[in-house]
Amino acid sequence: MKAILICPAAREHVAALAESAPLANLPVLGHGLIEHWLEHLALKGAKEVCVLATDRPEQVRSLVGDGARWGIRAEVFPETRELTPAEARAKYCTVDSAWLAAPDDAILMDYLPDAPENPLFTSYASTFKALQHWLPHAATTPDRIGIHETKPGVWVGLRARVSPGAELRAPCWIGSNVFVGEGATIGPGAILEDNSFVENGAEISYAIVGADTFVGECTELRHSIALGNTLVNWEMDSMVKVPEDFLLCSLTRREPAFQSIHFLGRVVAMLALLVTLPAAVWPMLRAKFYGLPALRPRVAVRPHAVSTVNMPGDTLVYHELTGAPGWLRRWPQLWSIVRGDFAWVGNRPLNPNQAARLTNDFERLWLSAPLGLISLSDAEGCADCFKVQTRAHASYYATQANWRLDWGIIARAIFLLLSGIPYSRRDEWLMPHFKRPVEFRTAH
Amino acid sequence: MSVQDLQELSAANARSFPGEICTSELAGLKHVEIDLSKIHFVDGYGLGALAALYVALNKPDGSSPVVIRLLHPQPPVQQVLELARMHHIFEIIPRNGVLTEGWPHPDVANGTPESK
């Protein structure tokens with residue numbers, strides 16, 4: 001018996017759920033969504049399952065494998081767009097094979113098994129409601145090992161460690177390998193997915209804590225979905241990146257948005273920092289004399305690849321030298337290069353207010369390039385962030401960045417530093433120096 | 001006292017923020033209102049600045065408490081404030097005018113001001 005599973009493609013209303021993995025792989029009460037469906041189909045008698053994936057099919061394939069875990073044969077087929085069940089039937093259901101009876105023969109996985117009345121992905125609130133509704137069912141599936149109901153409505157998974165002083169209020173779900181600290185209050189309506197860590201004194205109610213998520217000490221999560229450092233309020237339909245790891249963060253390593261700067265580049269930055277230290281000392285002393293901090297912190301929106309969800313809070317802090325003239329102000333950013341936050345060449349950092357003023361997708365390309373000490377705009381003498389030309393340079397760099405362009409920018413920046421004129425306007429500098437001798441010869 | 005036109009509350013201005021407010025006349029001050037409507041996000045520095053302001057305006061013995069209201073925070077800012085439990089020490093007036101604990105803001109309700 002055969003069946004088709006259609007993986008949901010991108011869903012605009014729940015974009016944060018698909019930030020790190022496709023929606024088909026979304027952890028739902030300990031198992032991925034597709035795993036629940038494969039188990040459901042196996043119980044229905046399916047022997048072969050055809051999985052149609054639009055979004056990141058390779059990740060779906062790595063989770064599904066060949067389906068042997070469920071005693072079935074599963075194969076993942078990439079599709080260019082999300083098919084409807086009718087379209088999938090028309091394309092894949094061949095007459096010569098036996099298929100499960102409709103509607104189980106072709107299923108779009110935007111709800112949990114046997115719960116079509118609770119859509120998963122129409123909004124964050126619907127996701128929360130669907131999981132809460134399915135909670136009792138999740139504990140009774142045949143392949144569930146180790147989950148036990150410690151008291152009515154409270155399920156605790158395998159190897160979970162709940163401190164004696166923690167309070168668990170029904171209904172709540174504690175996944176496998178979860179730690180709950182002293183004095184924490186979990187529930188009602190709380191779901192802690194596998195490998196999450198809840199510090200002492202935290203309060204979590206009507207909320208979902210995603211897998212591998214750290215919840216800081218004495219924090220309060222209400223009406224929220226926490227996925228790493230992404231915090232979604234399903235009641236307000238708002239989302240934010242929590243910048244402080246001690247409040248909320250992911251326990252898995254963050255994948256960098258861009259290739260990290262070469263080790264040699266960091267070494268050169270360190271050497272440059274030391275060599276130019278004497279030049280930076282005087283502005284620091286002068287700032288201290290006037291009672292100002294020597295290094296002034298600045299907040300920059302963290303650059304991200306075009307495909308990732310853009311949300312407030314994804315920032316990093318860098319520094320400027322207080323009161324220093326010109327490019328010397330950027331001296332502390334050499335340390336940012338050593339740390340890997342900056343590159344030698346990139347787009348200049350934007351604070352959240354400036355980033356919010358980028359008006360269209362072309363201008364927002366500014367944020368899709370690494371942060372740099374020197375930018376193309378610098379090399380062309382465009383210092384003002386909000387000139388049209390500056391934004392155009394930044395967007396051009398984001399689309400054309402390569403090592404030749406980077407070296408060209410460095411060379412132009414040096415030319416600008418020495419001559420005071422951008423390289424593109426060098427004729428204005430050269431002409432006055434060569435014109436007069438020609439005129440003299442012509443006159444005679 | 002009302003603080004308007006606050007553009008950011010982050011590492012960039014967190015150090016100076018409490019000092020700028022406390023330079024004003026504080027004797028007899030009962031309420032401080034801070035308009036957060038133009039702030040897009042707040043980080044740990046910003047939370048620390050708010051906490052420092054609270055400590056600066058409220059004496060340890062609890063005499064002459066000063067109520068600090070955070071007006072109309074944008075939803076992402078409100079999320080971070082609630083995550084850090086700032087709504088237990090500040091009154092947060094969301095954009096719909098209702099206090100987070102369900103009490104209507106005195107300026108919004110048509111009647112006598114509510115008190116907690």
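The points below go through chain A and then chain B.

1. A word on the source before the details: this is a predicted model, so please read each point below as a description of that model.

2. Let's begin with the sheet in chain A. Five strands make up an open sheet, arranged in the order 11-14-17-20-25, and the pairing is mixed. At the edges you will find strand 11 (161–162) and strand 25 (248–250) of chain A, each of which pairs on one side only.

3. Strand 25 of chain A pairs with strand 20 (residues 213–215) of chain A in the antiparallel sense, over three bridges. As a reminder, strands of a sheet pair through backbone hydrogen bonds, in either the parallel or the antiparallel sense.

4. How do helix 1 and helix 2 of chain A cross? The axes of helix 1 (residues 33–44) and helix 2 (residues 57–64) of chain A come within 10 Å and cross at roughly 50°. That angle makes helix 1 of chain A oblique to helix 2 of chain A. The crossing of helix 1 of chain A past helix 2 of chain A is right-handed.

5. Which residues make that contact? Helix 1 of chain A supplies Ile34(A), Glu35(A) and Leu38(A), while helix 2 of chain A supplies Val60(A), Leu63(A) and Val64(A). By class, the residues of this contact divide into five nonpolar, no polar and one charged.

6. A cis bond joins Ala102(A) and Pro103(A), with omega at about 0°. Pro103(A) sits in the loop between helix 3 (85–92) and strand 6 (106–108) of chain A. Another cis bond joins Ala170(A) and Pro171(A), where omega is about -5°. Pro171(A) belongs to the loop between strand 12 (167–168) and strand 13 (172–174) of chain A.

7. Next, a backbone angle to check, since most residues other than glycine have a negative phi. Asp237(A) has a positive phi, near 55°, and is not a glycine. The residue lies in the loop between strand 23 (230–233) and strand 24 (238–241) of chain A. Is Asp237(A) buried, exposed or partly exposed? Asp237(A) is partly exposed, with a relative accessible area of 49%.

8. Turning to chain B, its secondary structure comes to three helices and four strands. Along the sequence these follow the pattern β-α-β-α-β-α-β. Of the 116 residues in chain B, 47% are buried. Among the contacts in chain B with a separation of 6 or more, 64% come from residues 24 or more positions apart.

9. Helix 3 of chain B is mostly covered, with eight of its nine residues buried. The buried residues include Val77(B), Val80(B), Leu81(B) and Leu83(B), and also Gln78(B), Gln79(B) and Glu82(B).

10. Just after helix 3 of chain B, Arg85(B) takes a positive phi of about 60°, although Arg85(B) is not a glycine. Arg85(B) lies in the loop between helix 3 (75–83) and strand 4 (91–93) of chain B. With a relative accessibility of 19%, Arg85(B) counts as buried, the cut-off being under 20%.

Conventions
Residues are numbered from 1 along each chain as its sequence is written. Chains are lettered from A and ligands numbered from 1 in the order in which they are written. This is a predicted model: local features need pLDDT of at least 70, side-chain atom pairs count only at pLDDT 80 or more; totals for chains, interfaces and linings use all residues. Side-chain values use heavy atoms; hydrogens and water are left out. Two strands pair if DSSP finds at least two bridges between them. Helices (H or I, at least four residues) and strands (E, at least two) are DSSP runs, numbered from the N terminus. Axes are lines fitted to C-alpha atoms, for helices over the stretch in contact, and angles run from 0 to 180 degrees between N-to-C directions. Angles under 35 degrees count as roughly parallel, over 145 as roughly antiparallel, 65 to 115 as roughly perpendicular and the rest as oblique. A crossing is left-handed if the near helix is turned anticlockwise from the far one by less than a right angle, and right-handed if clockwise. Contact means heavy atoms within 4.5 Å. Ala, Val, Leu, Ile, Met, Phe, Trp, Tyr, Cys and Pro count as nonpolar, Asp, Glu, Lys and Arg as charged, and the others, Gly among them, as polar. Buried means under 20% relative accessible area, exposed over 50%, partly exposed in between (1.4 Å probe, protein chains only).
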